[in-house]
Amino acid sequence: MIDQDQVRKSLLAKRTELAQRLGATQATERQEVAEGQNDNAQLWEVSDIRDDLDTQAATELDQVNQALARLDAGEYGLCTDCEEPIAEARLKALPYATLCIQCAEEAEHSV
């Protein structure tokens, strides 16, 4: 049985990490623009990379927040498709997983 207090601590730590990472990359970009540290081509390339990383971090942050909401609602660890329990090993590896392995594989193959 998964320790929900430990899961909550882990998710909250991950949320803090992601929020800090998003803030730091945005602050760095603003500072570089203000200081004119990069030429335009370099600035656009770095900006595109940071945008991709920020999008990934924002998506992961949203998934963490949704996992915390499921935890509060007593629905954490249940597959959102089949409503069966998600394997503990999967939740340890991906604490914000919403699908059991079988449903995740089905969803991957239907894309």
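Biologist: What places Lys92 and Glu88 about one turn of the helix apart?

Modeller: In this predicted model, both residues lie in helix α3, which covers residues 88-93, and they are four residues apart.

Biologist: Why is the pair Lys92 and Glu88 called a salt bridge?

Modeller: The N to O distance between their side chains is 3.4 Å. The cut-off is 4 Å between a side-chain nitrogen of Lys or Arg and a carboxyl oxygen of Asp or Glu, so the pair qualifies.

Biologist: Why is Lys92 called exposed?

Modeller: Its relative accessible area is 60%. Exposed means over 50%, so Lys92 falls in that class. Glu88, at 31%, counts as partly exposed, because that class lies between 20% and 50%.

Biologist: What makes Glu17 and Lys14 a salt bridge?

Modeller: Their side chains meet at 3.6 Å, N to O, and the limit is 4 Å. Both residues lie in helix α1, three residues apart. Glu17 has 38% relative accessibility and Lys14 has 23%, so each counts as partly exposed.

Biologist: How many salt bridges are there by this rule?

Modeller: The count comes to four. Another of them joins Asp72 and Arg8, with the closest N and O atoms 2.9 Å apart.

Biologist: Why is the pair Asp72 and Arg8 said to tie together parts that are apart in sequence?

Modeller: Asp72 lies in helix α2 and Arg8 in helix α1, so the pair links parts 64 residues apart in sequence. Asp72 is exposed at 58%, whereas Arg8 is partly exposed at 29%.

Biologist: Which members of the largest nonpolar core touch the most other members?

Modeller: Leu11, Val64, Tyr76 and Cys79, out of 19 residues in that core. Helices α1 (4-35) and α2 (40-73) each supply at least two residues of the core, and α2 gives the most, with six.

Biologist: How do you know that these core residues are buried?

Modeller: Membership requires it, because a nonpolar core is a set of buried residues, and buried means under 20% relative accessible area.

Biologist: What is Val64 in contact with, leaving aside its neighbours within four places in sequence?

Modeller: Leu11, Lys14, Arg15, Leu18 and Tyr96.

Biologist: What lines the largest pocket?

Modeller: There are 13 lining residues, and Met1, Ile2, Tyr76, Gly77 and Leu91 lie nearest the centre. By class the lining has eight nonpolar, three polar and two charged residues. The space in this pocket is about 180 Å³.

Key: Residues are numbered from 1 along each chain as its sequence is written. This is a predicted model: local features need pLDDT of at least 70, side-chain atom pairs count only at pLDDT 80 or more; totals for chains, interfaces and linings use all residues. Side-chain values use heavy atoms; hydrogens and water are left out. On a 1 Å grid over the protein atoms alone, a cavity is a set of points where a 1.4 Å probe fits but cannot get out, and a pocket is an open set with protein on both sides within 12 Å along at least five of seven lines; lining residues have an atom within 4 Å of a point. Grid points are joined across faces, edges and corners, and a volume is the space filled by probe spheres set on the points. Ala, Val, Leu, Ile, Met, Phe, Trp, Tyr, Cys and Pro count as nonpolar, Asp, Glu, Lys and Arg as charged, and the others, Gly among them, as polar. A nonpolar core is a set of buried Ala, Val, Leu, Ile, Met, Phe, Trp, Tyr and Cys residues joined through side-chain atoms within 4.5 Å. Buried means under 20% relative accessible area, exposed over 50%, partly exposed in between (1.4 Å probe, protein chains only). Contact means heavy atoms within 4.5 Å.
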